[in-house]
Amino acid sequence: LKKLKSRKHILAIVTSKDLIRTNKFLGKNNKLFSVIKCDKKNNKGKPYPYNINEVIKLMNVKKSQCIYIGDTYIDYQTAKNSRIDFLFAKWGYGADRGYKYVCSRITDLPNFLN
């Protein structure tokens, strides 16, 4: 993640976890992310595109410049509903369902996202 950040990639997290759990999990790494977006009780979460679109608007970037990295089919559906590319993180929890973009190890991300 530090390599991606040093290459001027904008990193953001969209998660269904609450902010307290997310910050605890990330620790000092939370500083690597420009935005950390957690679900709110009155918002529809994944696979609805609301949170992704909100982050894209906040960061003032084009959808063509974005890629959603996730490890579940719900993540894929979220990216699809948001109309952005999806990269399956094979090191996570879900099974590879023949996604177009697949990354086997987190350490491969900097080379994958040149």
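User: So a nonpolar core is a set of buried Ala, Val, Leu, Ile, Met, Phe, Trp, Tyr and Cys residues joined through side-chain atoms within 4.5 Å; which residues form the largest one here?

Analyst: This is a predicted model, in which local features need pLDDT of at least 70 and side-chain atom pairs count only at pLDDT 80 or more, while totals for chains, interfaces and linings use all residues. Residues are numbered from 1 along each chain as its sequence is written, and side-chain values use heavy atoms, leaving out hydrogens and water. The largest nonpolar core has twelve residues, namely V14, V35, I52, V55, I56, C66, Y68, A79, I84, F86, F88 and Y99, where buried means under 20% relative accessible area (1.4 Å probe, protein chains only).

User: Which elements give two or more residues to it?

Analyst: Those are α3 (50-59) and β4 (85-89), with helices (H or I, at least four residues) and strands (E, at least two) being DSSP runs numbered from the N terminus. The most comes from α3, which gives three residues to this core.

User: And what does I84 touch, beyond its neighbours within four places in sequence?

Analyst: I84 is in contact (heavy atoms within 4.5 Å) with I52, I56, K63, C66, Y68 and A79.

User: New topic: is A95 buried or exposed?

Analyst: A95, in the loop between β4 and β5 (101-103), counts as exposed because its relative accessible area is 55%, and exposed means over 50%, with partly exposed in between.

User: How far is A95 from T72?

Analyst: Although A95 and T72 are 23 residues apart in sequence, they are 7.2 Å apart in space, C-alpha to C-alpha.

User: What follows α2?

Analyst: G27 follows α2, and the phi of G27 is positive, near 60 degrees.
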